[in-house]
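Dear colleague,

Please find below the structure that I am handing over to you. My notes on it follow directly after.

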Amino acid sequence: MTGKKSEFIIGLAGTKRSGKTTAARHLIALAEQQGLVPIRLGFADPIKAEVAKIFGTYNEEDKAILRPVYQAVGQSMKELHGKDIWIKRLLEAWNHYRNHGYNMLIIDDVRFPFEGEWVRNLGGQVWKIIRDTGLKDEHVSETSVKSVKADHSILNAMSEQDFLVKVTNTWTQL
């Protein structure tokens with residue numbers, strides 16, 4: 001990171017299992033080393049919270065089983081309340097954290113072009129993580145990722161260590 005901004009927003013786009021959360025965890029560590037106060041939030045966080053009321057506390061191991069439920073809830077809420085429902089929820093959470101000293105937001109689940117544009121409109125950047133996982137999912141939340149405009153693209157086709165080096169190198173370009 002080279003610049004001196006008071007706030008940073010990075011949205012990570014990519015299909016499931018591409019490395020978005022791994023990149024987010026690494027970015028948090030890099031930001032903390034620079035004296036920033038980062039937080040990871042996701043558009044799907046409120047979806048997971050609501051689904052947890054039925055299925056119990058979110059557990060990463062259950063993600064594959066619950067993904068269709070998350071997708072159905074997320075899409076249904078957009079149809080009922082507008083496509084920006086999850087943006088509004090994330091913005092409420094971000095404003096709360098900003099008021100408590102956080103100055104960097106990392107969103108690890110940008111999946112739609114309008115989400116990426118929202119990140120950019122706030123002065124942030126969208127980084128697309130590209131990885132061929134071999135997993136197929138025809139849900140709109142997976143197929144729309146290819147249309148998300150990226151400020152930076154990071155290929156995740158190597159070891160996790162090599163991937164994190166690429167994330168670090170992209171971070172240093174800020």
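Where is the place of K83? K83 lies in the loop between α3 (63-81) and α4. Before the details, a word on conventions. This is a predicted model, in which local features need pLDDT of at least 70 and side-chain atom pairs count only at pLDDT 80 or more, while totals for chains, interfaces and linings use all residues. Residues are numbered from 1 along each chain as its sequence is written, and side-chain values use heavy atoms, with hydrogens and water left out. Helices (H or I, at least four residues) and strands (E, at least two) are DSSP runs, numbered from the N terminus.

K83 counts as exposed because its relative accessibility is 51%; the classes are buried under 20% relative accessible area, exposed over 50% and partly exposed in between, with a 1.4 Å probe and protein chains only. Not counting residues up to four places away in sequence, K83 touches K78 and F114, where contact means heavy atoms within 4.5 Å. K83 and E115 are 32 residues apart in sequence, and their C-alpha atoms are 9.5 Å apart in space.

**Helix α5**

E115 belongs to the buried residues of helix α5 (residues 113-121), which are E115, G116, W118, V119 and R120. The buried residues of α5 pack against β1 (8-13), α4 (85-98), β3 (104-110) and β4 (125-130). After α5 comes G123, with a positive phi near 90 degrees.

Two packed helices are described by the angle between their axes and the distance between the axes. Axes here are lines fitted to C-alpha atoms, for helices over the stretch in contact, and angles run from 0 to 180 degrees between N-to-C directions.

The axes of α3 and α4 come within 8 Å and cross at roughly 100 degrees. That makes α3 roughly perpendicular to α4; angles under 35 degrees count as roughly parallel, over 145 as roughly antiparallel, 65 to 115 as roughly perpendicular and the rest as oblique. V73, G74, M77, K78 and H81 of α3 make the contact with I85, W86 and R89 of α4. By class, the residues of this contact of α3 with α4 are 4 nonpolar, 2 polar and 2 charged. In this scheme Ala, Val, Leu, Ile, Met, Phe, Trp, Tyr, Cys and Pro count as nonpolar, Asp, Glu, Lys and Arg as charged, and the others, Gly among them, as polar.

α2 and α3 pack with their axes 10 Å apart, at an angle of about 120 degrees. The crossing of α2 past α3 is right-handed; a crossing is left-handed if the near helix is turned anticlockwise from the far one by less than a right angle, and right-handed if clockwise. On the α2 side I47, K48, V51 and F55 take part, and they meet K63, L66, V69, Y70, V73 and G74 in α3. The residues of the contact of α2 with α3 comprise 7 nonpolar, 1 polar and 2 charged.

Within helix α2 (residues 45-55), P46, I47 and V51 are buried. They are on the same side of α2 because they cover an arc of only 130 degrees around the axis, the arc being that of the directions from the helix axis to the C-beta atoms. The buried residues of α2 pack against α3 and α4. Just after α2, G56 has a positive phi of about 100 degrees. In the loop between α2 and α3 one finds E60, which counts as partly exposed at 39% relative accessibility.

**Helices α1 and α7**

Helix α1 (residues 20-33) and helix α7 (residues 160-172) have axes 10 Å apart and pack at an angle of about 50 degrees. That makes α1 oblique to α7. Their crossing is right-handed. T22, A23, H26, L27, L30 and A31 of α1 form the contact with E160, F163, L164, V167, T168 and W171 of α7. The residues of the contact of α1 with α7 divide into 8 nonpolar, 3 polar and 1 charged.

**Two further residues**

R17, in the loop between β1 and α1, has a positive phi of about 65 degrees although it is not a glycine. R17 is exposed, with a relative accessible area of 53%.

Q125 is in strand β4 and counts as partly exposed at 23% relative accessibility. Leaving aside neighbours within four places in sequence, Q125 is in contact with I9, I10, G11, V119, D151, H152 and L174.

With kind regards
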